[in-house]
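Dear colleague,

Please read them with the structure open beside you.

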Amino acid sequence: MPYRAPINEFSFIFDKIVGLGDVTSTPLFEDASHDVVTAILAEAAKLSDEKLAPVNRSGDEHHTVLENGVMRAAPGYGEAYQAIAEGGWVGIAARPESGGMGLPMTVASAVNDMMGAACLSLQLVPLLSMGQIEALEHHASDAIKELYLPKLTSGEWTGTMNLSEPQAGSDVGALATKAEPNGDGTFSITGQKIWISWGDADFAENICHLVLARLPDAPKGTKGISLFMVPKFLPDADGNPGERNDLRVVSIEGKMGLHGSPTCVMEYSGAKGWLVGPEGGGMAAMFTMMNNARLGVGVQGVSSAEGAYQHALAYAMERKQGRTPVEGPGTIIDHADVRRMLAESKCDIFAARCIALACAAAIDMGNATGDAAWKARAAFLTPIAKAFGTETGMRVSETGVQIFGGMGFVEETGAAQYYRDVRVTAIYEGTNGIQAMDLVARKLMDGGEAAYALLDEIEADAEKTRATLPELAEPVWQATETLREATEWLVSQSDLQDRFAGAVPYLMGFARVLGGYYHLKAALAEGGEGTRSRLAKFYIDRLLPEHTGLLTHARQGAVDLYAITHDDLVA
Ligand SMILES: Cc1cc2nc3c(=O)[nH]c(=O)nc-3n(C[C@H](O)[C@H](O)[C@H](O)COP(=O)(O)OP(=O)(O)OC[C@H]3O[C@@H](n4cnc5c(N)ncnc54)[C@H](O)[C@@H]3O)c2cc1C
């Protein structure tokens, strides 16, 4: 079955779960009327269904290749990218003065969800550009903004992020790329970057690399890092691509998936660059791009889950095997275990999508009101959206392979592609382990204030719903109390290792409870009867209980973990 963008799902979540109406009531987003948002969703769905989904297999089968120093994208990618650019989708959330549409991140995230489900490897191009646009809007000089932003928002030029080096992956502070001042306000960038997604593309007029590098005598670690704009072609006086810069793609990695997206080793040999943000302020500036991309990658996880789910559902509705226990066409959808796999997937996609869109709505409210509480909410939800979204992508696509049985293991069905493509989302943009550490350390540095504010809200809503939907509201309220206790325990641990030892289970436990809350809201929105209520009951009865195991794990501390020695692990 070809991918069909779930527009009604987005509309429902906007209206009933994350309160897009509050976002669009602010002066910043007042142009995003209901009619505008509806039209945007319909157009993005058309783009995804008709232009992007048809090239998804092409990227997997043909890969992007480097031929005589020229990057050749998979057949069909150039045309599909032009459709993204011409539709103005790269600039969907960019400010109007940058040439963008100025729409809320909530709406942009739904669009990314559709594009990612249709073709993940190509959607990475606009995703990276979107993050770069936001970083430039916040940190670049007016001259750089004037030169680059119109080209990036129009999609004529594309953006990349260059952090990783062989010795500097999660530990970005270990990077060694050098930036020497040229004495004319520009810098010479020298060094090697690895794993640079879309480090080149034959369908873009110019590639704008945001590169982290060190100035001479810069202090060690992250404090000594600065950020530079290093274009493939130096813009001439009219802003058109001019002289070739001293940078090149040395090779592209052979990967287990996401073959349509070239992952490049980049060599900078005294390439000309311009400082973005202050000297030594590179990490802060890059964090704007990284936070944008973290939510974006979480959404990639959700989108892959959606694509894999639709694909597996279609198969389950046509594959006949054995006698099914209920009347019907006798297809495998009626076997209990297949029904379980589909229901779990459906429920988790809804939970992960709500978490991502709630995070996006908090970002929008923070931008629109400047309110510190909204900003704290957005910061708190970002690692959860990234990690739970991508874990959901992996779990659902793996389940999709299982639903296909032997045909899931055979490449021709395409089920395996979802599984292979999404795997990296849990790794790039900060591994999920690093996200979880961020959650229990930096995001609890406020003494748990942002976490408790969210828990208070869930409990208050669950209280209100107790009378009407007790069998759903009560477990959600109880789970929130367990989560509050686990949060209090973590906040009280002064040794960060005790928090880190349980960081991933805490993040996953938190996501489970949030999922229960959003399912409860969904059931309430239809008066406790109907599809959403049945799915809510399934989630709350069967998936929400996982939080107890996860949060017990989260509270064990590091002592017994480190009591396990190297020898124990090799024994
Ligand atoms: C397909 C692909 C595309 C990519 N695109 C880009 C890109 O466009 N730009 C870019 O700059 N980079 C990119 N990357 C790099 C990516 O961001 C890194 O792979 C990632 O940050 C992890 O770094 P690493 O691979 O060096 O793993 P390591 O840092 O070596 O980590 C290995 C393991 O150790 C864990 N670990 C490491 N440090 C800690 C710690 N302090 N505490 C606990 N656990 C820890 C990690 O979670 C992981 O499980 C890409 C990678 C891939 C595979």
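**Ligand site and helix packing**

A nitrogen atom of the ligand lies 2.8 Å from an N or O atom in the side chain of Ser164, which is a polar contact in the sense used here (a pair of N or O atoms within 3.5 Å). This is a predicted model, in which local features need pLDDT of at least 70 and side-chain atom pairs count only at pLDDT 80 or more, while totals for chains, interfaces and linings use all residues. Residues are numbered from 1 along each chain as its sequence is written, and side-chain values use heavy atoms, with hydrogens and water left out.

The backbone also takes part: a backbone N or O atom of Trp195 is 2.7 Å from a nitrogen atom of the ligand, and a polar backbone atom of Leu163 is 2.8 Å from an oxygen atom of the ligand. Taken alone, the ligand exposes 960 Å², of which the protein buries 63%; these accessible areas come from the Shrake-Rupley method with a 1.4 Å probe.

The shell around the ligand holds 18 residues, of which Met161, Ser164, Ser170, Trp195 and Thr431 come nearest, a residue being counted as near if one of its heavy atoms lies within 4 Å. By type, the shell divides into nine nonpolar, seven polar and two charged residues, with Gly counted among the polar ones. Strand S3 (157-162), strand S5 (187-197) and helix H13 (432-440) each supply at least two residues of the shell, and the largest share, three residues, comes from S5. Helices (H or I, at least four residues) and strands (E, at least two) are DSSP runs numbered from the N terminus.

Turning to the helices, the axes of H6 (residues 105-118) and H9 (residues 282-316) come within 8 Å and cross at roughly 45°. The crossing of H6 and H9 is right-handed, which is to say that the near helix is turned clockwise from the far one by less than a right angle.

Note on methods. A polar contact is a pair of N or O atoms within 3.5 Å; within protein, one must be able to donate a hydrogen and the other to accept it, and residues adjacent in sequence count only if both atoms are side-chain atoms. Axes are lines fitted to C-alpha atoms, for helices over the stretch in contact, and angles run from 0 to 180 degrees between N-to-C directions.
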